[in-house]
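Q: Got a model open here and want to walk through it. Can you take my questions as they come?

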Amino acid sequence: MQIYWTKINKIIEETPEVKTYLLDRPEDFSWEEGSHTHFALKGFNAGDKPNRSLIRHMSISTLPHENSIGITTRIREHCSEFKAILRNLEVGNEVAIFKTHSNIPLKRENKNVYLLSSGVGLATFRPLVLDYFERAENVNQVHSLNIDSSKDFLFSTIFESAPDKKFISRFVDNRKDYYEEVKNLTADKDGQFYIVGSDEFLMQNIELLREQGIKPEQIMLDKRQQQLSEFL
């Protein structure tokens, strides 16, 4: 397993609680849209066994051509040891990334794509939307729906409806409106539904989609193959 040690080159405050850490891109490090990585803080591998409290599974919120590895995360006032350390890191500090993989690259099968996310889960979809903007081939249209009760909606300059690009973006701040909209989207019985959020969020969405006749093969989750059976 290769561990890439790299430096923070920029910290962006997306909202009062959400930050994006932009990391220098190692020369031989590459990824595709929808990727996640293991993101670790200094000291995680100092002992005989990895210190798992200093490692998190994180989505990469940028594309390779942006030349920085973006890690976007919510850090609340009361948070874990990992988030507390991360909050105090500065530009120039070192972090590690390893085991990078994509479970949800953008499928290009001439269908409508629906991106369903909760809160900072939208960071996983940012690269998919940018990839679609750059190359729309074999995708009919993309529709993003995000629920965030904080009302501090992320990446609003990218997630902005663009009819000329066949892109629709909606933000809602409550569950009732969110699930009503999801139900409306299932009128498309041939669409591809991507879901990113907590396990509870995934289960609730899957239940609604299945009730409306959406098949398991139309549902894409940011989970490893062996985990999918737990949900689908």
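Q: Leaving aside neighbours within four places in sequence, which residues is Ile60 in contact with?
A: Contact means heavy atoms within 4.5 Å. Leaving aside neighbours within four places in sequence, Ile60 is in contact with Phe29, Trp31, Ser35, His36, Thr37, Ile69, Gly70, Ile71, Thr100, Ala123 and Pro127.

Q: What should I know about the source and the numbering?
A: This is a predicted model, where local features need pLDDT of at least 70, side-chain atom pairs count only at pLDDT 80 or more, and totals for chains, interfaces and linings use all residues. Residues are numbered from 1 along each chain as its sequence is written, and side-chain values use heavy atoms, with hydrogens and water left out.

Q: Back to Ile60. Where is it, and is it buried or exposed?
A: Ile60 sits in the loop between E4 and E5. Helices (H or I, at least four residues) and strands (E, at least two) are DSSP runs, numbered from the N terminus. Ile60 is buried, because its relative accessible area is 1%. The cut-offs: buried is under 20% relative accessible area, exposed is over 50%, partly exposed is in between (1.4 Å probe, protein chains only).

Q: How far is Ile60 from Val120?
A: Their C-alpha atoms are separated by 12 Å, and the two are 60 residues apart along the chain.

Q: And Gly70, what does that touch?
A: Gly70 is in strand E5. Neighbours within four places aside, Gly70 is in contact with Thr20, Tyr21, Leu22, Ser59, Ile60, Ser61 and Thr62. Gly70 counts as buried, because its relative accessibility is 0%.

Q: Ser59 next. Which side chain does it have a polar contact with?
A: Thr124. The side chains of Ser59 and Thr124 are joined by a polar contact of 2.7 Å. A polar contact is a pair of N or O atoms within 3.5 Å; within protein, one must be able to donate a hydrogen and the other to accept it, and residues adjacent in sequence count only if both atoms are side-chain atoms.

Q: Why does Ser59 count as buried?
A: Ser59 is buried because its relative accessible area is 16%. Ser59 lies in strand E4. Beyond four places in sequence, its contacts include Ser35, His36 and Asp222.

Q: What about Gly34?
A: Gly34 is in the loop between strand E2 (18-24) and strand E3 (35-41). Gly34 is buried, at 1% relative accessibility. Not counting residues up to four places away, Gly34 touches His101, Ser102, Asn103, Ile104, Thr124, Pro127, Leu128 and Asp222.

Q: What lines it, and which element gives the most?
A: The largest pocket is lined by 39 residues, and Ser118, Val120, Gly121, Gly197 and Ser198 lie nearest its centre. H4 gives the most to that lining, with five residues. By class, the lining has 11 nonpolar, 17 polar and 11 charged residues. Here Ala, Val, Leu, Ile, Met, Phe, Trp, Tyr, Cys and Pro count as nonpolar, Asp, Glu, Lys and Arg as charged, and the others, Gly among them, as polar.

Q: Now H3. Which of its residues are buried?
A: In helix H3 (residues 175-185), Tyr178, Tyr179, Glu181, Val182 and Leu185 are buried. They cover an arc of only 155 degrees around the axis, which puts them on the same side of H3. That arc is taken from the directions from the helix axis to the C-beta atoms.

Q: What do they pack against, and what's on the other face?
A: The buried residues of H3 pack against strand E7 (111-118), strand E8 (139-147), strand E9 (167-172), strand E10 (192-196) and helix H4 (199-211). The face turned away from the buried side carries the exposed residues Lys176 and Asn184.

Terms used
On a 1 Å grid over the protein atoms alone, a cavity is a set of points where a 1.4 Å probe fits but cannot get out, and a pocket is an open set with protein on both sides within 12 Å along at least five of seven lines; lining residues have an atom within 4 Å of a point.
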